[in-house]
Amino acid sequence: MNVLVFASRKGGSGKSTLAAHLASCANRPGNRALLIDADPQGSLALWHQLRGESAPALRRGTRGMAEALSAAKSEGAEWVFIDTPPNRSSAVADAIRLATLVLIPARPSVFDLDAVRDTIELARELHKPYAVVMNAAPAKRNGTESAIVTDARRVVEKMGAPLWSGQITHRADFALALAVGEGAREFDADSSAATEITQLWSAVNRSVKAINGAHKAAQGTRRMAA
Ligand SMILES: Nc1ncnc2c1ncn2[C@@H]1O[C@H](COP(=O)(O)OP(=O)(O)O)[C@@H](O)[C@H]1O
Ligand SMILES: [Mg+2]
């Protein structure tokens, strides 16, 4: 079971947006997922309510998260998506402790980039794999990313932080889909928003596979050493 945690001290960076869109990618028949809305603002819970479907299941609040994850695992869940509040509270740390991978969305702006430092530090302190995702970026022109995004990448790279090579562009489709309880692919499978989310979802799958592979290899080494 893979646990994706969406974290950033900055409100409005796209935690709930990415959590909902990626969760809808994971939500295929026979592929059980669990959503945990650990943010009292309840954006992910609102999306789930608008969706009006029982699957994926949703839990609110931070109490008993570890137990909820154990239960989900024993029920065969493949993915858990945890949306967190925009701060550095114990709730965020509790969620990160349970993460397979922490996704840190950042808009390509000075304030957002400054705020990711804190979240990066927290993931590092807790020894959790993480990656920054450029969100709400200006659209590429003829396949070339905006100078703002290139500059933002430099800042993140200077922090020594892993950064997804793609971008999630600022697109009305991302907001419109959420307003009707859908993900970008459900809303319009042929849209650029759908293409970008699919690319991010593939990158997340690859990262998680690599993390699990490294974890298994380490376990094997420990077993051999024992
Ligand atoms: N890529 C995007 N394109 C268009 N709107 C976006 C995008 N990402 C976020 N938004 C909008 O920005 C606002 C804040 O995003 P949200 O996901 O709620 O941030 P957070 O959960 O980090 O506070 C929302 O209104 C959302 O619809
Ligand atoms: Mg949110």
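## Terms and model

Buried means under 20% relative accessible area and exposed means over 50%, with partly exposed in between (1.4 Å probe, protein chains only). Helices (H or I, at least four residues) and strands (E, at least two) are DSSP runs, numbered from the N terminus.

This is a predicted model, in which local features need pLDDT of at least 70 and side-chain atom pairs count only at pLDDT 80 or more, while totals for chains, interfaces and linings use all residues. Residues are numbered from 1 along each chain as its sequence is written, chains are lettered from A and ligands numbered from 1 in the order in which they are written, and side-chain values use heavy atoms, with hydrogens and water left out.

In helix α7, which spans residues 172-179, the residues Phe174, Ala177 and Leu178 are buried. They lie on the same side of α7, because they cover an arc of only 95 degrees around the axis, the arc being that of the directions from the helix axis to the C-beta atoms.

On the face of α7 turned away from this buried side are the exposed residues Ala172 and Ala175. After α7 comes glycine 181, which has a positive phi, near 75 degrees.

The structure holds 10 salt bridges, each being a side-chain nitrogen of Lys or Arg within 4 Å of a carboxyl oxygen of Asp or Glu. One of them joins glutamate 186 to arginine 51, with the closest N and O atoms 2.8 Å apart. This pair links distant parts of the chain, since glutamate 186 belongs to helix α8 (residues 184-187) and arginine 51 to helix α2 (residues 43-51), 135 residues apart.

The two partners can also be described by their accessibility: glutamate 186 is partly exposed at 36%, whereas arginine 51 is buried, with a relative accessible area of 11%.

## Salt bridges within helices

In helix α4 (residues 90-97), arginine 97 and aspartate 94 are three residues apart, so they are separated by about one helical turn, and their side chains meet in a salt bridge at 2.9 Å, N to O. Arginine 97 is partly exposed at 46% relative accessible area, and aspartate 94 is partly exposed at 34%.

Helix α5 (residues 110-125) holds both arginine 117 and aspartate 114, three residues apart, about one turn of the helix, and the side chains of arginine 117 and aspartate 114 form a salt bridge at 3.5 Å, N to O. Arginine 117 is partly exposed at 41% relative accessibility, and aspartate 114 is partly exposed at 43%. Elsewhere, salt bridges that share partners connect Arg51, Glu53 and Glu186 in one network.
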